[in-house]
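Reader: Please walk me through this model. I want to know what each label rests on.

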Amino acid sequence: MIRPLHFIYNAETAVNNSFQVRGDQDHISEKAVLEFDALVNILRQNEIDVTVVEDSPDPHTPDSIFPNNWISFHPGGIYCLYPMFAVNRRSERKPEVLNLIKKKFNYIHPVDFTHYEQQNIFLEGTGSMVLDRDHKIAYACISPRTDADVLNDFCQRMDYRPVTFHAVNDEGQAIYHTNVMMCVADRFVVICMESIPDPSEKNHVSESIISSGKEFIEISLKQMNQFAGNMLQLENRMNKKILIMSSAAFQSLNPEQIQKLSLHNQILQTSLQNIESNGGGSARCMIAEIYL
């Protein structure tokens with residue numbers, strides 16, 4: 001997790017992120033740090049190992065709090081680097097962050113997709129893709145930030161099967177990242193099927209989830225807009241499964257959904273109000289999970 005230094009509303013990403021709403025910028029960076037620290041604290045209180053890297057002042061990276069877009073980690077010491085849509089987000093790939101991760105976790109085998117930025121096509125990590133690591137499936141809604149050709153390259157090099165579709169919000173705009181409408185955990189999938197307008201694509205996604213043997217938990221567009229799709233399942237030191245989400249996401253869920261999720265894992269939630277509104281991302285986006 002990257003502790004933000006100068007978190008602000010990023011106009012470069014707002015052009016295709018409908019979840020971003022420019023809020024009161026007064027002390028927004030300080031508010032984001034408080035929300036970040038609260039999330040880190042609740043993770044550590046529940047025995048989840050968290051590596052926090054302090055952001056650096058130069059170059060200025062307003063979205064550094066969302067590291068899962070530029071890097072992902074995989075077994076065998078492999079890490080992937082991704083091409084980013086916003087020019088000012090490409091500077092988040094800072095050597096000091098990589099060096100710390102390499103040293104602590106022995107990630108020594110890079111798979112670099114960043115050259116696609118020269119072609120103006122992108123794949124923003126586990127924002128663009130929601131990975132079913134158990135079955136090697138990469139779910140991805142195609143958008144200006146998620147290119148099918150780059151996705152196919154990832155799948156070929158990392159031995160994944162792509163499941164692509166188109167998803168839109170309640171105003172018909174393309175959803176910028178798959179991880180705001182979908183979460184894949186060990187025994188369940190949370191997904192906003194309502195956001196997939198094409199019936200054949202909807203069936204394709206449904207069949208893939210059902211064939212994986214995971215429980216299907218649907219959320220509505222309204223719940224998606226409260227970041228209910230932006231959850232992440234983690235494992236603590238005692239190998240206990242824990243589901244992380246924001247308070248807004250949790251409060252949008254109905255009792256039946258909460259009961260279903262609670263059968264599979266403990267739920268942790270904390271307020272990320274300022275990060276969500278100004279950054280357009282939530283709890284899942286703030287964590288680049290480590291696979292040893």
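**A sheet and a cavity**

Author: Start with strand E10, which is covered on both faces: Phe188 and Val190 on one side, Val189 and Ile191 on the other, all buried. This is a predicted model; local features need pLDDT of at least 70, side-chain atom pairs count only at pLDDT 80 or more, and totals for chains, interfaces and linings use all residues. Residues are numbered from 1 along each chain as its sequence is written, and side-chain values use heavy atoms, with hydrogens and water left out.

Reader: What makes E10 a strand, and where is E10?

Author: E10 spans residues 188–191. Strands (E, at least two residues) and helices (H or I, at least four) are DSSP runs, numbered from the N terminus.

Reader: Why is Arg187 called partly exposed?

Author: Buried means under 20% relative accessible area, exposed over 50%, partly exposed in between, with a 1.4 Å probe and protein chains only. Arg187 has 44% relative accessibility, so Arg187 counts as partly exposed. Arg187 sits in the loop between E9 and E10.

Reader: Which residues does Arg187 contact, beyond its neighbours within four places in sequence?

Author: Lys214, Glu215, Leu263 and His264. Contact means heavy atoms within 4.5 Å.

Reader: How do you know that E9 and E10 pair?

Author: Two strands pair if DSSP finds at least two bridges between them. E9 and E10 have three bridges and run antiparallel. Met182 stands opposite Ile191 in that pairing.

Reader: How many bridges join E10 to E11, and in which sense?

Author: Four bridges, in the parallel sense. Val190 stands opposite Ile217 there.

Reader: Why are E9 and E11 called edges?

Author: The order is E9-E10-E11, in an open sheet with mixed pairing. E9 (182–184) and E11 (215–218) each have a single partner strand, so one side of each lacks a neighbour in the sheet.

Reader: What makes the second largest cavity a cavity?

Author: On a 1 Å grid over the protein atoms alone, a cavity is a set of points where a 1.4 Å probe fits but cannot get out. A volume is the space filled by probe spheres set on the points, which are joined across faces, edges and corners. Here the volume is about 50 Å³. The count is two cavities of 30 Å³ or more.

Reader: Which residues line the second largest cavity?

Author: Ile2, Glu54, Asp55, Ser64, Trp70, Glu92, Lys94 and Val97. Lining residues have an atom within 4 Å of a point.

Note on methods. 1 Å grid on protein atoms, 1.4 Å probe; cavity = no way out; pocket = protein on both sides within 12 Å on 5 of 7 lines; lining within 4 Å.
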